[in-house]
Structures are given as C-alpha cells and as structure tokens.
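I opened the file today to go through its chains, sheets and helices in turn. These entries record what I looked up.

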Amino acid sequence: MRPSAIAVYVILIACLLAVALLATTVGAAGIPLPRLAAALGLNIASADPAMLARDQLVLWSIRIPRIAVAGMIGGLLALSGAIMQGLFRNPLADPALVGVSSGGAFAAASAIVISDSAWGASFRFLQFELLPIAAFAGSLLTTTVLYKIASREGRTSVAIFLLAGLAIAAIANAGIGLLVFVADDRQLRDITFWLLGSLSGAAWPKAGMVAPVALLALLSIPLIARGLDVLVLGEAEAFHTGVDVERLKKISIVLISAMTGVAVSICGVVGFVGIVVPHLLRIVIGPGHRMLLPASVFLGAILLILADTIARVLAAPAEVPIGILTAAIGAPFFLFILLRQRKLIAS
Amino acid sequence: MTSPRPALIEADAVCMKIRHATLLDGVNARVHGGETVAIVGPNGAGKSTLLRLLSGDLRCTDGGVRLKGRDLASFSSRDLANHRVMLSQHVNVSFPFTVEEIVFMGAGDRARITAQPLVDAAIAELELEPFRHRELPTLSGGEQQRAHFARVLVQLACGEADHGPGVLLLDEPTSSLDLRYQINLVEVAKRRARSGTAVVAVLHDLNLAVRFADRIIVLRKGTVAADGSPAETITNRMIADVFDVETSIGTEDGQPYVLLQRMQ
C-alpha cells in the first residue's frame, strides 16, 4: 500500500526545512545556531553588534538567496526529469543525459560569444535575460527533435531514445567545444566558469529569474498529471481514454525546455537529479503523477541544497562544481537502475 | 425496402492507403447496439486497421466513419472517449502502477467516489481481486490483458452512464488469455451487448469468434469477403478461399465449429 499524501508532504517539508537550516549554518563563513537566531532578528539583545552585522550580511546577501536558488533549481531539475520520463514512458530519461541540457548549454554559450561580438552589440542590454532565453530555445529545439526521432506511430523505443539523445548530446558538446576554441580569453572565462556548473554566483537577481519559471511549472502540474498517467499506456491508448495527446505533448515539451533552460543558464549542466529523485519517489509513493510531480519538486530541492552545501564545505574555501558532485553520486545510481530494469531496456 | 435501423457505428466505403500499399479498399461495416460482431481474416487482411479506423485512432483516406450518426472526425478525443472505448493489442506499461490504479484510469477525471463502485465491479467481473494491489509490470501477459480489459470496461460504464449505449472495440483481446479467461472475456462482452452496447472484436480463433459473435465479418486483402451469421460465413469453402487451408466443419447446436486439417 502507498503511504498517505499528507504523511509524504509532511516528511518532505520537514526534511526541506532541516536541510535549509543546515545549509545556512555551515560554510566558509559559518553561522552557528545561536548567532543564526540573532541574525534572523530573534533574541538580538544578547548578540555582539559587530558579529551580528557580519552574520546578517552573510545570511541575507549570500546564504539565503543561494539556498533559494539551489532549492528552486533542484526542484526544476527533478520535475523536468519526472515529466520527461512520463512523456517518453521511460524511467531512464533525464534532460542532462539525453542532450537537452547540452542543447541549452550550446545555445547559451553561443549567446555569450555572439553578444560579446560587434555584431551582437545590439543585444547587449539583454545580457541578463539573454542566457536563459537562449538556453530555453536550445532545449526546446533539442527536446522536439528528440521526440520526433524517438517516437514512431505513437510508440517510443527506449533504445532509440537513449541513443538519439547520446548523438544529440555529442553534437551539442562538439558545438560547445568549437565555441571554446574560437572564444577570446574573456568569453572563455565566462563560458568555462558557467559550464562547470556552480551556484556560487546565485544572488537575489538570479532567484528572481528562476522564481517565475518555478511558479509556472508548479501551476502547470495539474494540467498534465492525469494525462501523463494515462500516457504510460501509450499514445493511442491515451487518446482512446480521452486525453488530448498533442496538447499534452506540447505542454510537456515546453515545460521541460523552460525548466532545463533556466537551470542550465544559472548553473550549467547538472545531471542525474532528474533521474534519481523520481526513481526514489516511485518506490515509496508509486508512479502516479499527481503525487509524483509535486513530491519531485520537494525532494529535488532537498537534494540540490544538500549537494550544494557539500560542494561548499568539501574543499572550503574553494567550491567543488556542483555538476561534478551530482554526476559522481548520480551516475552510479543510474547504473543501479539500469541493472534493475534490464528486462525493460532489452525489450 | 425497409429503412435500416440506425447503427451505433458504421464504416461507409472506407479506404486506407499508406504510400503505395492499400490496407483497406472500400469496406462497409455497420454495427447496431446490442450486436456482437467478430472481424476475422488472415494476417495483413486489414482487421486491426479497420478497428483503428472505427476507434478514430486512424483517419481513413477515403470514405467515412459515423459514430451514433455523427461524423467521427467531428468528435474531440474527450468526447469520443465517452461514446467508444477500445482495448488495444499490446499495451506495455513501464511504470509500477498497480492493477487498481490502471483500472481507475478508465474513469478519466471523474471523482474517485463515483468511479470506485465501477472499478470494483470490473475487478470482480474479471476475477482480478487477488491482483488488485499488485504492480502491473510484475504480472503475466494474460493478467495484464485482463487488467486493461477491466480499465476499458470502467471507461465504457462511465460513458454509458452519461450518454447511453456505447461502442466497445476489442483488438485481439484473447491473445494472451488462457481458456478460462477467453470464455470469461466472451461472456463479459456478450453481457455488455445484452445491455445495448455494440461490441466489435478482432479475433484469430474462428471457434471463439463463433462462440462470441452474432455476426462475422471476414476480411481478405482489405476487402469484405463475407458478412453474415456464423453459419453463413464459417464454411469449408469460405475458409479455403480466404485462409488457404483445408478444414472440416461440424455443427453443434446449430453453430459451426472448425477442425483444421492441412495447408492447401
């Protein structure tokens, strides 16, 4: 039997709060719990004023926006993975694994190089918005192409899907390599810094950029959840059951691309969150999307805040790129799922 | 000439051409409420194509299909789901939904409380109670097929509750079923027909088709070779013509049965 929805959400929210608390207290500039209370405005009287000012600065300008961005990005990555798995009827789908993130990254890297050139100078004023918009466009194109290749007469083949994704990722990565090759020193620094995948630049403006996409994604969940459930039966069967399959596919593809695009534009390619989170949740709460999608947002947020905290403290004061960390944990997990699902892949 | 009763679903000279291949060529088929019709024929005769045209899943390249007197193409997918239901041949579920969750999918977005009795009834009718909370991918092919049939029955019941008798389309519904559940499926389908549903099934087993159908449509190379009662259609001559095999046909209670002999 599946656990009740309330129990699941209570546990997830409790974990999210606990992880957020942990993330605020540890780091290069640690804020122990008693001082945290003071910095948050509780029990100020007993605090040392100099320390309080420093703590408040770290907390409000660095720690909290970073946790907010990490949480939202983690939620988006997990949600886009879960939706992609539903859309492709394949528990191994993940935007980073099948080249959707790379497509977005290629488009964003192109935007960096082009907007820096004389020709792109007219886009200069858009610099801040340019990256996510380009990444969204690149992800959208990649997802659409992938869907066209992998599905035939309403069936998607697991093998063709993964192999096509591999090829698309290779093309996008070749493009990124080419850009790195032609870029000048300043562009190169921009590209590599961002490609490594880090949340170190996450401040309030970035949080403000992610928030609308995150909100939009959350609000769209009820639009697609039932359709994705029935889509598990196949496109023709979903149609027979009364689902407007074309509409469902369009909404899902746009959502996946928007979420992947904004995540890539902020922290580069961060893989495997989209695979690990929905898989763990399916074991506990089952595969129904009405519960799986919102729960994925929470668990994705929890995992990425945790991963980012580890990335900050592992080699402090330096930071391990978070993409490396999620891949180091996620890739073995992916192999584990692969072994468990051998029969499915072979068919 | 008597004016014919309006059919629940009818195909009017439908053609289906894909590139240079003609899958169906001017097929007429009409099925009334309360009727059970079997579509039989050799591989590649167009049986599944005809069923998919009737379901609205494929659009015919020529001719037309009418559901309850209305052009099929004018229905939205949501609307269509209320009037016709279809059990497809191969449904492969890669996520661990339980049997009950799969059967619930037939209820669409109806409230759980209204759907629960229909789900329970379908699960009981197909003897799926022991599997209710099992995950579908862990079940045998036949058990999965029964779960999908239960899902389709729930969809039919939901649609019929609001819109009156509907159309039940079954594409080789017995392909993975053992003998007991082949009979079970036939009985269930006939019960639906008795309450007014039009039932159309593609079947391979001619004996099962006789047991199931009021009327048999024999397809050959995309055209109708015969359309009539089992006694009219299942004859040595017809089977030799259409299937290229020799058979000996006996009768039991006025219904034919088929013994396969050899290839021609």
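I count two residues as in contact if their C-beta atoms, placed from the backbone, lie within 7 Å. I also keep in mind that this is a predicted model.

**Entry 1: contact between the chains**

I looked up the contact and found that it takes 23 residues from chain A and 22 residues from chain B. On the chain A side, α8 (204–231) and α9 (235–240) each supply at least two of the residues that touch chain B. I note that α9(A) gives the most to this side, with 4 residues. By type, the residues of chain A that touch chain B divide into 10 nonpolar, 7 polar and 6 charged.

**Entry 2: chain B overall**

I listed 9 helices and 12 strands for the secondary structure of chain B. The C-alpha trace of chain B spans about 55 × 40 × 40 Å along its principal axes. I checked the radius of gyration: a compact globule of 264 residues would have one near 18 Å, and chain B agrees, with 18 Å. Buried residues make up 49% of the 264 residues in chain B. Of the contacts in chain B with a separation of 6 or more, 66% are between residues 24 or more positions apart.

**Entry 3: the sheet of 6 strands in chain B**

I traced an open sheet of 6 strands in chain B, with the order β6-β7-β8-β3-β9-β10 and mixed pairing. Its edges are β6 (84–87) and β10 (223–228) of chain B; each has a single partner strand, so one side of each is left without a neighbour in the sheet. Neighbouring strands of this sheet are turned by 15 degrees against each other on average, direction ignored.

Inside this order I looked at β3 (residues 36–40) and β8 (residues 198–202) of chain B, which pair in the parallel sense over 4 bridges. Ala38(B) stands opposite Ala201(B) in β8(B).

Helix α6 (residues 179–194) of chain B lies across β3, β7 (167–171) and β8 of chain B, and runs at about 150 degrees to β8(B). I picked out Leu179(B), which is found in this helix α6 of chain B. Is Leu179(B) buried or exposed? I count Leu179(B) as exposed because it has 9 other C-beta atoms within 10 Å, and the cut-off for exposed is 12 or fewer. Leu179(B) and Thr114(B) are 65 residues apart in sequence and 33 Å apart in space, C-alpha to C-alpha.

**Entry 4: the sheet of 4 strands in chain B**

I found an open sheet of 4 strands in chain B, ordered β2-β1-β4-β5, with antiparallel pairing. Its edge strands are β2 (21–31) and β5 (70–71) of chain B, each pairing on one side only. Strand β4 (residues 62–67) of chain B pairs with β5(B) in the antiparallel sense over 2 bridges. Here Leu67(B) stands opposite Arg70(B) in β5(B). Helix α1 (residues 47–55) of chain B lies across β1 (9–18), β2 and β4 of chain B, at about 120 degrees to β1(B).

**Entry 5: helix α11 of chain A**

The buried residues of α11(A) include Val273(A), Ile275(A), His279(A) and Arg282(A). What covers the buried residues of α11(A) includes α3 (49–87), α12 (289–314) and α13 (322–340) of chain A.

Key. Residues are numbered from 1 along each chain as its sequence is written. Chains are lettered from A and ligands numbered from 1 in the order in which they are written. This is a predicted model: local features need pLDDT of at least 70, side-chain atom pairs count only at pLDDT 80 or more; totals for chains, interfaces and linings use all residues. Ala, Val, Leu, Ile, Met, Phe, Trp, Tyr, Cys and Pro count as nonpolar, Asp, Glu, Lys and Arg as charged, and the others, Gly among them, as polar. The radius of gyration is taken over C-alpha atoms; the globule rule is 2.2 Å times the number of residues to the power 0.38. A residue is buried if 20 or more other C-beta atoms lie within 10 Å of its own, exposed if 12 or fewer, and partly exposed in between; C-beta atoms are placed from the backbone. Two strands pair if DSSP finds at least two bridges between them. Axes are lines fitted to C-alpha atoms, for helices over the stretch in contact, and angles run from 0 to 180 degrees between N-to-C directions.
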